[in-house]
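Please view the sequence and the model before reading on.

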Amino acid sequence: MRLFGRGGNASTLDLLVAGLGNPGREHERDRHNAGWMVVEELAHRHGGGWRSKFNGRLAEIRLGDCRVALLKPETYMN
């Protein structure tokens, strides 16, 4: 998979994990945001930093030899 960064540079990743959820404080810790909670925990445990990308937040981490992108889409699911 290729994700494009600034200036058209591409990075090759081994896996994309999209954690689904709904934006807003009212949905922050409800069961519908379990996907966001999972990718947030993965980023925390593996030193990933979040940045804006693809109408959401994106972090890249390493799991062993794999480069993994974590995505939190910030559009409503319903």
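## Glutamate 60 and its partner

Glutamate 60 is partly exposed, at a relative accessible area of 29%. Here buried stands for under 20% relative accessible area, exposed for over 50%, and partly exposed for the range in between (1.4 Å probe, protein chains only). Glutamate 60 pairs with arginine 67 in a salt bridge, where the closest N and O atoms are 2.9 Å apart. A salt bridge means that a side-chain nitrogen of Lys or Arg is within 4 Å of a carboxyl oxygen of Asp or Glu. Arg51, Glu60 and Arg67 belong to one network, joined by salt bridges that share partners. Arginine 67 is also partly exposed, with a value of 25%.

## Basis of the model

This is a predicted model, in which local features need pLDDT of at least 70 and side-chain atom pairs count only at pLDDT 80 or more, while totals for chains, interfaces and linings use all residues. Residues are numbered from 1 along each chain as its sequence is written, and side-chain values use heavy atoms, leaving out hydrogens and water.

## Other salt bridges

Side chains of opposite charge can pair when their charged atoms come close. The count of salt bridges comes to four.

One of them joins glutamate 40 and lysine 72, with 2.8 Å between the closest N and O atoms. This pair links distant parts of the chain, 32 residues apart: glutamate 40 is in helix α1 (residues 34-45) and lysine 72 is in strand β6 (residues 66-73). Helices (H or I, at least four residues) and strands (E, at least two) are DSSP runs, numbered from the N terminus. Glutamate 40 is partly exposed at 27% relative accessibility, whereas lysine 72 is buried at 11%.

Arginine 45 forms a salt bridge with glutamate 41, and their closest N and O atoms are 2.8 Å apart. Both residues lie in helix α1, four residues apart, which is about one turn of the helix. Arginine 45 is exposed at 62%, and glutamate 41 is partly exposed at 35%.

## Asparagine 33

Asparagine 33 sits in the loop between β3 (15-18) and α1. Its relative accessible area is 1%, so asparagine 33 counts as buried. Leaving aside residues up to four places away in sequence, asparagine 33 touches Leu20, Gly21, Asn22, His27 and Glu28; contact means heavy atoms within 4.5 Å.

Which backbone atom does the side chain of asparagine 33 reach at 2.7 Å? It is the backbone nitrogen of asparagine 22. A polar atom of the asparagine 33 side chain also lies 2.7 Å from the backbone oxygen of histidine 27.

Note on methods. Polar contact = N/O pair within 3.5 Å; in protein donor to acceptor, adjacent residues only side chain to side chain.
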